[in-house]
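Here's a quick briefing to read alongside the model. Have a look at the picture first, then come back for the details.

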Amino acid sequence: MQDMGEALAVAMTLVLSGDGDLVEIVGLSLRVSLTATVAACAIGLPIGALVATNRFPGRGAVLVVMNALMGLPPVVVGLIVYLHLSRAGPLGFLGLLYTPAAMIIAQTILIAPIVAALSRQVIEDMHAEYADHFSSLCLTTRQTVQALLWDARYALLTVALAGFGRAVAEVGAVMIVGGNIDHLTRVMTTAIALETSKGDLPLALGLGIVLMILALGVNALVHSLRLTAVRQAYA
Amino acid sequence: MKPLRLAALLCAVSLPCAALADDILVQSTTSTANSGLYDHLLPIFAEATGIQVNVVAVGTGQAIRNARNCDGDVLLVHAKPAEEKFVADGFGASRTDLMYNDFIIVGPAADPAAVAGLDDIQPALEKIAAAQALFASRGDDSGTHKKEVSLWASTSVDPATASGDWYRETGSGMGATLNAGIGMGAYVMTDRATWISFKNKQDYKILVEGDADLFNQYGVIPVSAKKCPSVNVEGAQAFADWLLSDAGQAAIADYEVDGQQLFFPNAPD
């Protein structure tokens, strides 16, 4: 366990020194995973809301598929995105492989099902409470979905955080489509994998601690925003 | 086309999107990256030419596959037959010897198969097999793995029959295989550069070295613009030319870790 103590010391030194490379890597991790979270919410929330509020044939199968897709293996997502963005692939002409954009696309695909499946459950529970009320108001589907998304916003924030957590912690997809290129596509998780492969376990663990501090910071920020919003709502 | 619109949107919000035209991308074996060689060479090259070099470090097998998909401008790996096939298939403009070092067998200080000090690889491997001592293989089609397989083929042992028993194929990179091998007390074949710069050695030592069969040649190949029109031909050629020039070769020879030279330049004159 001597490594753990060393790792803590390394993490402290890294954070306190404000090392330029670390700031760059942390910045890219945040940029990629937060952008992917926003994109995944833009795709996943409407899908979740529509499936939650509508009854249609084959709905049960759709639910099973949506829930199963939450378990998408990052490496497989990485490979699929790689095959599409590779110069030899159908979208190769975009020249996106080994760029942050490729990493955002991969993480968006990875977490959009999580956002869709979890928001579907949240909204469906809420819809069950409000369904009679809504039908008495003769709301359109669009109005219903909008009202539900707004009313469930705090629960959906947690859904978004679950997606962000998955994105910022995964290494398999960004390693393949980003390539872990220094000063271009290196993020926290690929840097941790690299240091592990160099046998520098204390530095790898230290970076891991920094990553957890980062996730803690994002969650604390969202939590405080939510508290402020709630307070204003009741003020 | 929806994915395209999405890609364009993501592009807009996350500049720099595509790498700059002057940049080149090197598909590389891991030993040159993990040992810090690029951190030493690339600033010198960038200063001389203004060209930014981006490196994707994966196993030789995967690096070649990526380059066959035209996802790279230069290939720098260590598996001569596979490299020559890459050029023969039209994907490489030309292949040139760049530098060499050697492979070694590392193992625990206890040395259960008693191979320490051997300078002949075949008897060493046969002793490991006879003792059924654990041996961790890359098992990932990398340059090191191809070499290891060819060395076993020159012995009387077929380790594949013992796969999962004493012969453990990790299916991962050199560093991960060293970590796993050290974790289970297995012998591991590695290139010397990775070993010298590896930081989790514990009680492991170099046990077998010095056989001519353990020679490890690295080659450099600019990717051909005929097969891959997207390639940065000038940048790729400039990088290969510089590596093979006196300045590049001297820079390779200058690189040391713990006072030991890791790579020995041997480009043809």
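Two residues are in contact if their C-beta atoms, placed from the backbone, lie within 7 Å. With that rule, and leaving aside neighbours within four places in sequence, B:Ala180 is in contact with B:Ala136 and B:Thr170.

This is a predicted model, where local features need pLDDT of at least 70 and side-chain atom pairs count only at pLDDT 80 or more, while totals for chains, interfaces and linings use all residues. Residues are numbered from 1 along each chain as its sequence is written, and chains are lettered from A and ligands numbered from 1 in the order in which they are written.

**Chain A overall**

- Chain A has 10 helices and zero strands; helices (H or I, at least four residues) and strands (E, at least two) are DSSP runs, numbered from the N terminus.
- Going along the sequence, you get the pattern α-α-α-α-α-α-α-α-α-α for chain A.
- Along its principal axes, the C-alpha atoms of chain A fill a box of roughly 65 × 50 × 30 Å.
- Of the 235 residues in chain A, 45% are buried. A residue is buried if 20 or more other C-beta atoms lie within 10 Å of its own, exposed if 12 or fewer, and partly exposed in between, with C-beta atoms placed from the backbone.
- Take the contacts in chain A between residues at least 6 apart in sequence: 80% of them join residues at least 24 apart.

**How helices pack in chain A**

- A word on geometry: axes are lines fitted to C-alpha atoms, for helices over the stretch in contact, and angles run from 0 to 180 degrees between N-to-C directions.
- The axes of α4(A) (residues 74-85) and α5(A) come within 9 Å and cross at roughly 135°. That is why α4(A) and α5(A) are oblique to each other; angles under 35 degrees count as roughly parallel, over 145 as roughly antiparallel, 65 to 115 as roughly perpendicular and the rest as oblique.
- α4(A) passes α5(A) in a right-handed crossing. A crossing is left-handed if the near helix is turned anticlockwise from the far one by less than a right angle, and right-handed if clockwise.
- On the α4(A) side, the contact is made by A:Pro74, A:Val77, A:Gly78, A:Val81 and A:Leu85, and on the α5(A) side by A:Ala102, A:Ile105, A:Ala106, A:Ile109 and A:Leu110. By class, this contact of α4(A) with α5(A) has nine nonpolar residues, one polar and no charged. Here Ala, Val, Leu, Ile, Met, Phe, Trp, Tyr, Cys and Pro count as nonpolar, Asp, Glu, Lys and Arg as charged, and the others, Gly among them, as polar.
- α2(A) and α6(A) (residues 141-151) pack at about 115°, with axes 10 Å apart, and their crossing is right-handed too.
- In that pair, A:Leu45, A:Ala49, A:Leu50 and A:Thr53 of α2(A) meet A:Thr141, A:Thr144, A:Val145, A:Leu148 and A:Leu149 of α6(A). The contact of α2(A) with α6(A) divides into six nonpolar, three polar and no charged residues.
- What about α9(A) and α10(A) (residues 201-234): at what angle do they pack? Their angle is about 165°, with the axes 8 Å apart, and α9(A) and α10(A) are therefore roughly antiparallel to each other.
- The crossing of α9(A) and α10(A) is left-handed. Their contact has nine nonpolar, two polar and one charged residues.

**Where chain A meets chain B**

- 25 residues of chain A touch 27 residues of chain B.
- On the chain A side, α2 (20-53), α5 (100-137) and α9 (188-197) each give two or more residues. The largest share, four residues, comes from α5(A).
- That side of chain A has 13 nonpolar, eight polar and four charged residues.

**Domains of chain B**

- Chain B is assigned domain 1 (2-100 + 217-265) and domain 2 (102-214); such bounds come from an automatic or database domain assignment.
- The centres of domain 1 and domain 2 of chain B, taken over C-alpha atoms, are 28 Å apart.
- 18 residues of domain 1 of chain B are in contact with 13 residues of domain 2 of chain B. On the domain 1 side, α2(B) gives the most, with three residues.

- B:Ala180 sits in helix α8 (residues 174-184) of chain B. B:Ala180 is partly exposed because 15 other C-beta atoms lie within 10 Å.
- A:Thr13 belongs to helix α1 (residues 2-17) of chain A. A:Thr13 counts as exposed, with 11 C-beta neighbours inside 10 Å.
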